[in-house]
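Let's take a walk through this model together, with the sequence beside you and the fold in view.

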Amino acid sequence: MMSGSRNTSAYIELIKTFPPRPIGSEEELFATQKVIDSLIDRGELTPDEQDYLNVLGSLVYEYEQLHQEPIPDIHGVELLKALIAEYNLRQKDLVPIFKTESIVSAVLSGQRNLTATHIRKLSDFFHISPSAFFESV
């Protein structure tokens, strides 16, 4: 058989190893993701492996659409707080952006608003779009 062609028996073997079924629980989701990860780790896949991966990916997508909580849209100061936590920063790490630690504190506590200059400097600092700081419409 030519390289890159479909081999029904190879595809059947993949299905026998881990039969694809609709995912109904977190445990089944993790098991399916483990198989997906093992396929991806192989590098270049045969057409049969790619088809099988697509089927498993569709099952994961379907489960996530039905069961996963939507990611909340955060912006402004809430986004800044999340970024500070994610990057394990302290207020003094943002002094180059805000000029003083007291301004950082006032912005984080809601006593001062983010300015256009703050947003531009924050977007450069965190390598994100300035639009991330504004509420989506």
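The model is predicted, so to speak of local features we need pLDDT of at least 70, and side-chain atom pairs count only at pLDDT 80 or more, while totals for chains, interfaces and linings use all residues. Residues are numbered from 1 along each chain as its sequence is written, and side-chain values use heavy atoms, without hydrogens and water.

Look at helix H2 (residues 26-41) and helix H3 (residues 47-67), whose axes lie 10 Å apart at an angle of about 150°. That makes the two helices roughly antiparallel (angles over 145 degrees). Their contact (heavy atoms within 4.5 Å) involves, among others, Leu29, Val35 and Ile36 of H2 and Tyr52, Leu56 and Val60 of H3. By class, this contact has ten nonpolar, three polar and three charged residues.

Now for the cores, sets of buried Ala, Val, Leu, Ile, Met, Phe, Trp, Tyr and Cys residues joined through side-chain atoms within 4.5 Å; buried means under 20% relative accessible area and exposed over 50%, with a 1.4 Å probe and protein chains only. The largest has 16 residues, and Leu80, Leu94, Phe98, Leu114, Leu122 and Phe133 touch the most other members. Helices H4, H5, H6 and H7 each supply at least two of its residues. A second, separate core of 13 residues includes Ile36 and Tyr52.

Finally, Asn88, in the loop between H4 and H5, has a positive phi near 55° and is exposed at 69%. His127, in the segment after H7, has phi near 60° and is exposed at 72%.

Definitions and conventions. Axes fitted to C-alpha atoms, helices over the stretch in contact; angles between N-to-C directions. Helix = DSSP H or I, 4+ residues; strand = E, 2+ residues; numbered from the N terminus. Parallel < 35°, antiparallel > 145°, perpendicular 65-115°, else oblique. Nonpolar A, V, L, I, M, F, W, Y, C, P; charged D, E, K, R; others polar.
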